[in-house]
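Look at the sequence and the structure first, then read the points below.

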Amino acid sequence: MGIIMVDNNIERIGVLTAGGDCPGLNAVIRSVTKTAIVEHGWDVIGIEDGFLGLIEGRTRQLTYDTVSGILSIGGTILGTSNKADPFAFAVEKGGKLIKEDVSQVLIDTCRDLDIDAVITIGGDGTQSIAGRLAERGMNIIGIPKTIDNDLAGTDVTFGFDTAVGIITDALDRIHTTAMSHHRAMVVEVMGRNAGWLALHAGIAGGGDVLLIPEIPFDIEEVCRVVDHRSRHGKRFSIIVVSEGARPAGGTQVVKRIVKDSADPIRLGGIGKVVADGIQERTGIESRVTVLGHLQRGGPPSSRDRVLGTLFGRKAIDLVAQGKFGRLVAEKGGEITSSPLADTIGKQRLVPRDHYLLDTAISVGTSFGVKEL
Ligand code: F6P
């Protein structure tokens, strides 16, 4: 049953997934495609490997049948790339790798393929590019994706809930082995510069110490908590560390630089630093587990399937209404939208006054500092 009357003379739309993958991408592709076909009878063109597919002209038609049966499957049937920024695209010239603005190629491809609007499913890098393309006159709608939950303009991104579930499950498993061996178990989780994953999963999994990027920690305080627990009957501790966490006065640990990526820094390694620090200072045997890309794989949770379906449908409504240059969002429990321009260059971090910080402290959880 359609609720959107306006159709805005749209006949064909394109859809792409860009940046790191996450659970729920296929649920969104399915929702976008089915809504476009069922509600409006539009053609849907799937663009392969994010913006790269538009630059290289790699697309394929998506039908009701081709998106059937993909709701519960992880990854993206369209493929993705986080190395194809059309405003700084790496091309080889005279044996040298230089960055070129190829955004016009992408605009021309859409025109040649009669694509009236493009739906970009991605995180902040993708939506920043989408915002700049919208400024250049392209009809663009963004849908917010990332396990990190760090996108400005929305309260939540799809993929986050599934990742929190995966980390929580891992913490449950780490708990039993930590108890058996009386160890300090450090679990490093993703999230870039935002601590949402560590905070939510740390609370859900009963972490004793949560180290997040927004609160630089003091290793002496972490050790005091671990030592206190072991002297008072709890002979194990679980320390959940965001990959972006850093000691007060120190720096983040960079794992690698991906040169041709729009956001080249890949964080990782702080878990080992914390585990070594605990063992050296307390003598308590410590181990580190880095959950890595496990957090992005596999089937989406039911929450992410529903959110992905709602987001996909909302994107089509916005296209039909001609409301371009917008990011689909969930705000205060409502499915709505924000200007894409508001996402450019911004990250949604955990604020110091967030209710989950207070709540965690109320149940005895430490953030590795004496006081917040
Ligand atoms: O943004 C999602 C994310 O998984 C981050 O949490 C992590 O820092 C990064 O991507 C890892 O990127 P890559 O897949 O390139 O290693």
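Which residue has a polar backbone atom 3.1 Å from an oxygen atom of the ligand? That residue is Gly191. The model is a predicted one, and its chain is divided into domain 1 (12-158 + 300-343) and domain 2 (162-296).

- The backbone of Gly191 supplies the polar atom that lies 3.1 Å from a ligand oxygen.
- In Asp148, an N or O atom of the side chain is 2.6 Å from an oxygen atom of the ligand.
- In Glu243, an N or O atom of the side chain is 2.5 Å from an oxygen atom of the ligand.
- On its own the ligand has 400 Å² of accessible area, and the protein covers 82% of it.

**Surroundings of the ligand**
- The ligand sits in the largest pocket.
- The residues around the ligand include Asn82, Ile147, Asp148, Met190, Gly191 and Arg192.
- Also among them are Glu243, Arg266, His293 and Arg296.
- Sorted by class, this shell has five charged, three polar and two nonpolar residues.

- Domain 1 and domain 2 each give at least three residues to the shell around the ligand.
- Taken over C-alpha atoms, the centres of domain 1 and domain 2 are 32 Å apart.
- The contact between these domains takes 17 residues from domain 1 and 16 residues from domain 2.

Note on methods. Residues are numbered from 1 along each chain as its sequence is written. This is a predicted model: local features need pLDDT of at least 70, side-chain atom pairs count only at pLDDT 80 or more; totals for chains, interfaces and linings use all residues. Side-chain values use heavy atoms; hydrogens and water are left out. A residue is near a molecule or strand if one of its heavy atoms lies within 4 Å of it. A polar contact is a pair of N or O atoms within 3.5 Å; within protein, one must be able to donate a hydrogen and the other to accept it, and residues adjacent in sequence count only if both atoms are side-chain atoms. Accessible areas come from the Shrake-Rupley method with a 1.4 Å probe; for residues, only the protein chains shown count as cover. On a 1 Å grid over the protein atoms alone, a cavity is a set of points where a 1.4 Å probe fits but cannot get out, and a pocket is an open set with protein on both sides within 12 Å along at least five of seven lines; lining residues have an atom within 4 Å of a point. A molecule sits in a cavity or pocket if more than half of its atoms lie within 2 Å of its grid points. Ala, Val, Leu, Ile, Met, Phe, Trp, Tyr, Cys and Pro count as nonpolar, Asp, Glu, Lys and Arg as charged, and the others, Gly among them, as polar. Domain bounds come from an automatic or database domain assignment. Contact means heavy atoms within 4.5 Å.
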